[in-house]
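Open the structure in your viewer and keep the selection panel at hand. Each stop below says what to select and what is there.

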Amino acid sequence: MRILVIGSGGREHALVKGLHADPQVAEIHVAPGSAAMAPLATVHPEYSQVDEPARMVELAREVAAELVVIGPEVPLVAGVADALRADGIAVFGPNKDAAQIEGSKAFAKEVMEAAGVKTARSHQLRPGASDADIEAALDNFGPQFVVKDDGLAGGKGVVVTSERAAARAHVDAVLGAGNPVLLESFLDGPEISLFCLVDGATVVPLLPAQDHKRAYDNDEGPNTGGMGAYTPLPWLGKDDVQRIVDEVCTPVAQEMVRRGTPYSGLLYAGLAWGTQGPAVVEFNCRFGDPETQAVLSLLKSPLAQALNATATGTLAELEPLQWEDGYAITVVMAAVGYPASPRKGDVIVGEGLEDPERVLHAGTEYSSGVFRSNGGRVLNILGKGETLDAARDNAYATAQGIEFAGGFVRGDIGKRAAAGEISI
């Protein structure tokens with residue numbers, strides 16, 4: 001099978017790594033890819049316009065791709081999957097209309113309400129809202145304010161704060177940029193990321209994971225795209241995963257079918273499990289980052305077979321997915337200044353930089369014989385072990401052997417779970 005992967009970050013590096021291990025895969029191409037992916041696939045840096053449907057169709061034809069796997073959300077919302085399907089190419093990723101589950105938080109709320117799925121209470125403000133309208137809306141929320149950019153923001157468009165002034169400042173910033181803003185009630189309880197392969201009304205869950213969004217230890221600092229994740233969750237049982245599928249993912253998939261926009265691809269449910277059970281924080285229309293890196297590292301079943309079954313409408317016929325025993329963790333090495341203004345261009349040195357079993361590249365470039373930082377989240381450090389503590393030890397041991405000026409990690413990824421401090 002010849003596969004084209006669209007994207008260049010750590011999530012796509014993990015996908016390429018998983019596909020490379022599949023004996024059914026003859027060729028892998030990546031657009032634009034990165035130098036770190038070159039040992040596993042043919043990279044196409046000249047095709048950097050991943051949100052331009054015509055360019056992606058052109059490359060898919062050029063490499064005779066039998067399956068295209070779209071990693072990031074931007075090309076999905078831009079309709080790249082639609083253009084590829086119209087050209088007769090199988091695609092793993094939802095069409096433009098279905099991708100609105102992530103592209104528009106208001107749309108996601110409408111779908112959840114129609115499907116009877118629990119989520120936070122919300123109120124949308126649109127550009128041009130008066131000062132009185134904004135203040136009245138804020139009066140209905142708190143004491144913990146959740147303010148979301150109602151669009152694509154790379155995981156960094158959310159402010160959660162107990163300070164009304166900070167909530168108002170984010171409202172003003174989002175509206176000032178010309179985007180709608182969503183105020184939500186705060187959902188308590190531990191957070192869960194559950195990825196599901198979805199083919200119409202057929203839903204197949206992957207292992208649950210937990211992301212760590214705040215920049216610094218002990219959940220301090222600003223929200224980021226994710227500073228690390230671990231899987232599976234020792235505090236969540238198999239019956240609990242099935243409950244999420246039954247109460248959240250399947251009803252949403254069925255509602256999308258009812259609307260005439262059946263979902264095909266990866267549906268990412270971000271949830272909080274409070275006193276009333278699981279409730280949706282957000283949906284994404286693609287594999288999450290950095291959870292994907294940990295989850296796929298434990299997959300024993302052929303990845304290409306699973307993605308292709310989803311893309312070709314045969315997911316119901318797929319054999320049950322098989323997983324390695326034990327745990328996996330990914331720790332993000334971020335650039336100085338991340339998330340507000342990450343610095344680029346710092347030389348990265350250390351052991352394991354070219355070993356995808358331990359290190360996946362998220363934001364790097366390669367020139368003059370060295371890797372340099374080229375993004376906010378620079379590297380994903382992988383660790384696996386029979387216990388979560390062992391997986392943590394392995395990941396942090398690798399992280400300690402790599403450095404670049406100002407680079408930092410959170411030191412507590414998975415720590416509370418390993419200590420038995422999380423429960424539902």
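This is a predicted model: local features need pLDDT of at least 70, side-chain atom pairs count only at pLDDT 80 or more; totals for chains, interfaces and linings use all residues.

**Stop 1: domains**

Colour the chain by its domain assignment: domain 1 covers 2-97, domain 2 covers 127-179, domain 3 covers 191-317 and domain 4 covers 327-419. Between the C-alpha centres of domain 1 and domain 2 the distance is 35 Å.

**Stop 2: α6 and α9**

Select residues 105-115, which form helix α6, and residues 238-258, which form helix α9. Their axes come within 9 Å and cross at roughly 105°. Angles of 65 to 115 degrees count as roughly perpendicular, so α6 is roughly perpendicular to α9.

Now show side chains. On the α6 side, select Phe107, Val111, Met112, Ala114 and Ala115; they meet Pro251, Val252, Glu255 and Met256 in α9.

**Stop 3: the nonpolar cores**

Next select Val68, Ile70, Leu84, Ile101, Val252, Phe283 and Leu379. These have the most contacts inside the largest nonpolar core, which has 76 residues. Helix α9 gives the largest share of this core, eight residues.

Stay on Leu84 and show what surrounds it. Leaving aside residues up to four places away in sequence, Leu84 touches Met56, Val57, Ala60, Val68, Ile70, Ile89 and Val91. Another core, of 40 residues, lies apart from the largest one; Val25, Met37, Leu266 and Leu307 are among its residues.

**Stop 4: α1 and α11**

Select helix α1, residues 10-20, together with α11; their axes are 7 Å apart and the packing angle is about 110°. The two helices are therefore roughly perpendicular to each other. Leu15, Gly18 and Leu19 of α1 make the contact with Leu303, Ala304 and Leu307 of α11. Of the residues in this contact, five are nonpolar, one is polar and none is charged.

**Stop 5: Leu298**

Finally, select Leu298, in the loop between α10 (291-297) and α11 (303-311). Is Leu298 buried or exposed? Its relative accessibility is 1%, so Leu298 counts as buried; the cut-off for buried is under 20%.

Show the contacts of Leu298: Leu207, Thr231, Pro232, Gln322, Trp323, Glu324, Gly326, Tyr327, Ala328 and Lys384, again without residues up to four places away in sequence. To end, draw a distance from Leu298 to Val68: C-alpha to C-alpha they are 23 Å apart, and in sequence 230 residues apart.

Methods. Residues are numbered from 1 along each chain as its sequence is written. Side-chain values use heavy atoms; hydrogens and water are left out. Domain bounds come from an automatic or database domain assignment. Axes are lines fitted to C-alpha atoms, for helices over the stretch in contact, and angles run from 0 to 180 degrees between N-to-C directions. Helices (H or I, at least four residues) and strands (E, at least two) are DSSP runs, numbered from the N terminus. Angles under 35 degrees count as roughly parallel, over 145 as roughly antiparallel, 65 to 115 as roughly perpendicular and the rest as oblique. Contact means heavy atoms within 4.5 Å. A nonpolar core is a set of buried Ala, Val, Leu, Ile, Met, Phe, Trp, Tyr and Cys residues joined through side-chain atoms within 4.5 Å. Buried means under 20% relative accessible area, exposed over 50%, partly exposed in between (1.4 Å probe, protein chains only). Ala, Val, Leu, Ile, Met, Phe, Trp, Tyr, Cys and Pro count as nonpolar, Asp, Glu, Lys and Arg as charged, and the others, Gly among them, as polar.
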